[in-house]
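Here is a short briefing to read alongside the sequence and the model. Have a look at the helix packing to begin with, then move on to the ligand and the fold as a whole.

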Amino acid sequence: MPRPTQFHRRVDGWGAIVTGAGSLGEGIGTGKAIALLLAAEGARVALFDLDADRAEETLAEIAASGGEARVFVGDVTDAGQCLALVGQAADWLGRLDILVNNVGMGAASGRLHETSPADWTRGMAINLESAVNMTRAAVPHLLAAKGRAIVNIASVAGQRAHGSGSYGVGKAAMIQLTREVAVMYGADGLRCNAVVPGHIMTPLVAKFASPDACRTRRLIAPLAIEGDAWDVAQATLFLAGPESRFITGAALPVDGGVTQIGPLAAHEAVVGRSATR
Ligand SMILES: NC(=O)c1ccc[n+]([C@@H]2O[C@H](COP(=O)([O-])OP(=O)(O)OC[C@H]3O[C@@H](n4cnc5c(N)ncnc54)[C@H](O)[C@@H]3O)[C@@H](O)[C@H]2O)c1
């Protein structure tokens with residue numbers, strides 16, 4: 001979708017943390033899009049990233065459009081770093097209303113017996129434990145604020161098997177973590193939801209997926225397009241903001257319908273549309 005240009009101050013004055021708020025290359029990844037959109041909607045945004053330069057690029061864009069943000073450099077797979085950085089971010093923000101757990105990525109390729117225990121551990125750390133670490137560190141601050149929402153960026157790989165090993169298992173567990181946290185803290189007014197992206201064209205995908213693979217990604221979904229980072233950002237804003245006050249524990253697909261289509265229809269969509277697109 002086109003970059004958003006109209007904003008409604010939906011989260012005016014709120015404090016937000018977004019993990020993975022830089023982008024891995026040219027273009028806009030979901031963490032960056034989420035940070036830009038929350039800032040444009042009035043939030044002060046703490047930009048968490050391993051890589052200072054990438055996060056600084058996001059900061060520069062937010063500052064150029066009159067928003068407020070600050071960079072916090074660290075590794076969200078490290079529980080100690082999460083605790084320290086969330087404390088610093090909460091001090092700077094003054095109040096923490098929103099946590100977006102966006103960090104995640106495909107782990108080592110190969111079938112299970114071809115990968116090592118260390119590959120598995122790394123995949124679970126980046127796709128699940130990062131969100132656990134950040135949630136544990138942020139909850140005490142979130143409970144003291146008003147908005148109070150956690151949004152986890154999961155994946156359709158956590159709902160349908162893609163043969164991706166620890167990535168799919170980690171994302172499935174992240175969706176269950178979302179439900180557990182929703183139930184655990186609902187009575188305290190803290191909501192927790194997941195966005196479940198399907199085939200999204202981001203810098204990482206542009207780097208690694210072949211044009212053929214991208215074409216298949218487009219053809220296979222009922223809407224016959226790939227999404228982009230703004231699709232994920234808009235869904236995240238909705239689940240983080242006041243309009244979703246009665247929604248918690250949900251896993252919202254942002255996938256062009258790819259998790260709804262049956263295998264035969266998907267096959268026919270690829271074969272049938274191939275002739276014309
Ligand atoms: N692109 C897709 O098709 C797709 C589909 C489904 C789900 N997702 C999910 O969307 C999310 C965002 O993906 P993206 O490719 O747009 O990435 P992104 O561009 O949003 O995030 C990349 C940033 O994360 C930072 N980062 C990586 N590991 C980190 C760590 N341990 N600690 C702190 N920062 C770290 C990187 O330095 C980089 O700046 C991921 O959770 C991914 O699994 C993507």
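In this predicted model, α1 and α8 cross in a right-handed sense.

**The contact of α1 with α8**
- On the α1 side, the residues in the contact are Thr30, Lys32, Ala33, Ile34, Leu37 and Leu38.
- They meet Ala229, Trp230, Val232, Ala233, Thr236 and Leu237 of α8.
- Sorted by class, this contact of α1 with α8 holds nine nonpolar residues, two polar ones and one charged one.

**The contact of α3 with α4**
- Another helix pair to look at is α3 (residues 79–93) with α4, whose axes lie 8 Å apart at an angle of about 30°.
- Angles under 35 degrees count as roughly parallel, and α3 and α4 are therefore roughly parallel to each other.
- The crossing of α3 and α4 is right-handed.
- From α3, the residues Ala79, Cys82, Leu83, Val86 and Ala90 take part, and they meet Asn133, Met134, Ala137, Ala138 and His141 from α4.
- Eight nonpolar and two polar residues make up the contact of α3 with α4, and no charged residue is found in it.

**Around the ligand**
- The ligand has 31 residues around it, and those that come nearest are Gly20, Gly22, Gly29, Gly31 and Gly104.
- By class, the shell around the ligand consists of twelve nonpolar, 14 polar and five charged residues.
- Which element gives the largest share of the shell? That is α1, with three residues.
- For α1, then, you can follow both a part in the ligand shell and a contact with α8.

**The fold as a whole**
- The secondary structure of the protein is made up of nine helices and nine strands.
- Along the principal axes, the C-alpha atoms fill a box of roughly 55 × 45 × 40 Å.
- A compact globule of 277 residues would have a radius of gyration near 19 Å, and the 18 Å of this protein agrees with that.

Methods:
Residues are numbered from 1 along each chain as its sequence is written. This is a predicted model: local features need pLDDT of at least 70, side-chain atom pairs count only at pLDDT 80 or more; totals for chains, interfaces and linings use all residues. A residue is near a molecule or strand if its C-beta atom, placed from the backbone, lies within 6 Å of it. Helices (H or I, at least four residues) and strands (E, at least two) are DSSP runs, numbered from the N terminus. Ala, Val, Leu, Ile, Met, Phe, Trp, Tyr, Cys and Pro count as nonpolar, Asp, Glu, Lys and Arg as charged, and the others, Gly among them, as polar. A crossing is left-handed if the near helix is turned anticlockwise from the far one by less than a right angle, and right-handed if clockwise. Two residues are in contact if their C-beta atoms, placed from the backbone, lie within 7 Å. The radius of gyration is taken over C-alpha atoms; the globule rule is 2.2 Å times the number of residues to the power 0.38. Axes are lines fitted to C-alpha atoms, for helices over the stretch in contact, and angles run from 0 to 180 degrees between N-to-C directions. Angles under 35 degrees count as roughly parallel, over 145 as roughly antiparallel, 65 to 115 as roughly perpendicular and the rest as oblique.
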